[in-house]
Amino acid sequence: MSQSTSTHGTATDNYQLEHSRWQKGRNALVFAVLVSLLACVLGYLQDPARFGRSYLVAFAYTSCIGLGAFFFVQVQYLSGSAWSVTMRRIMENIMVTLPVGGILFLPIAFLLRDIYPWTDAARVASEAALRAKSAFLTEHMFLFRTYAMFLVWSIWIFSICRQSTKQDTSHSIRQMHIISRWSAPGLFLVVAVGSLAAFDWLMSIEPGWYSTIFGLYYLSDGGLAFFSVVTLICLGFRRAGILNHSITEEHYHDLGKWLFAMTAFYTYIAFSQFLLIWYANIPEETAFFRHRMGGTWLPISLSLPIIRFFLPFFALLCRPAKRSLTLIGVLAGYSLVVVYVDLYWVVMPVHYPNGPQIHWMDFATLAFTVSVCALTFWGRFKKHKLMPVGDLRFDQSLHFENA
């Protein structure tokens, strides 16, 4: 990435990605999509049920990242935050991957009966808990709710992005006010509708079980995964010589703070869910943990508090750790792995009660959903600038310093 010099004599970055570099990234991602798609097709032909279960974990994983981006982009606009402006276009482009979930959901739509037990009429007739929910958990209503959610999310997301890119040339405060008006109800769409998505996609795998806090559990995974992705993208750009002078150590320090905060928030939500279930001691609720204490799921369940909380929490506790680009990069990658493990732990014990059944389709489906989202993210840089240069707080963000 070429550099220019400002009128003050300081080096600045080129905010338009070079076409040759964009094309090279596009070609690599298209190749990844095609290879992983071929692997998914082979997996489906070999074992449709196993493919559907693996694909659900991968779909939930990429969708929660999009939801995390959707939430935090709107928070930045509503709070008038300046520190994140130089990274906000990256965040917005991650947010645009959420509407792609409407396409990525198609394999699940065709494999509902291999994934969700409430599609079995005989089981519904034999269990009172399922009969009570039968009006809500029907295939047609399930599909209608999912695509209604993606439709509403898409309207909000593209409306925000359109105003943001328009501001690159207008340099007007009007776009900021418009986006703020979209963002206030948009937060409701993330938390409330996102919780409904978590209930449908993941909690209904065990239709007899329920937890009113499970939606926030899923969204907390998304928040941590989102900031991990932002951190790794920024570090990747830095390694490639892109935006070196615009995303500084001060910005990485704040990303480290958010990784630390989301680690603590996830732990709070996860422990709250466990405490409420343990204290109430209702069989319909305790079944969730009981199913994850059998076979080789037990050591994974016992290790989750350590790998999800203690290791990253204490690693990021001090200020120098949050300013270490190497450390926050390692912990961002680590967090993405453990979020996937957590979602795998949510989905798979229902189908494989004796322990994890690691399969190559787990990796193939994850590669497909991630590469499709990455291609969507990268494609946005063909026409749009790498940063929201028209934002009135842009210069303030360039010179941001932590207290």
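Start with S183, which is buried because its relative accessibility is 0%. Keep in mind that this is a predicted model. S183 sits in helix 10, residues 173-201. What does the side chain of S183 reach? The backbone oxygen of I179, at 2.8 Å. Now set aside the neighbours within four places in sequence. S183 is then in contact with Q74, Y77, L78 and I160.

Stay with helix 10 for a moment, and look at the loop between helix 9, residues 139-170, and helix 10. H171 is in that loop. H171 is not a glycine, yet its phi is positive, about 50°. Most residues other than glycine have a negative phi. H171 has a relative accessible area of 44%, so it counts as partly exposed.

There is a second case. L243 has a positive phi of about 60°, and L243 is not a glycine either. L243 lies in the loop between helix 11 and helix 12. Is L243 buried or exposed? Buried, because its relative accessible area is 1%, and the cut-off for buried is under 20%.

Next, helix packing. Two packed helices are described by the angle between their axes and the distance between the axes. Take helix 3, residues 85-95, and helix 11, residues 214-239. Their angle is about 125°, and their axes are 10 Å apart. Helix 3 and helix 11 are therefore oblique to each other. The crossing of helix 3 past helix 11 is right-handed. Which residues make the contact? From helix 3, M87, I90, M91 and I94. From helix 11, F226, F227, V229, V230, I233, C234 and F237.

On to helix 13, residues 283-291. Its buried residues are E285, T286, A287, F288 and F289. What covers them? The cover includes helix 12, residues 249-280, and helix 16, residues 325-347.

Last, the cysteines. How many disulfides does a search of the whole structure find? The count is 0. Take C40, which is in no disulfide. The nearest cysteine sulfur to C40 belongs to C373, 13 Å away. A disulfide would need the two sulfur atoms within 2.5 Å. C40 counts as buried because its relative accessibility is 5%. C318 has a relative accessible area of 41%, so C318 is partly exposed.

Key. Residues numbered from 1 in each chain as written. Predicted model: local features only at pLDDT ≥ 70, side-chain atom pairs only at ≥ 80, totals over all residues. Heavy atoms only, no water. Buried < 20%, exposed > 50% of the residue type's maximum accessible area, 1.4 Å probe, protein only. Helix = DSSP H or I, 4+ residues; strand = E, 2+ residues; numbered from the N terminus. Contact = heavy atoms within 4.5 Å. Polar contact = N/O pair within 3.5 Å; in protein donor to acceptor, adjacent residues only side chain to side chain. Axes fitted to C-alpha atoms, helices over the stretch in contact; angles between N-to-C directions. Parallel < 35°, antiparallel > 145°, perpendicular 65-115°, else oblique. Left-handed = near helix turned anticlockwise from the far one by under 90°.
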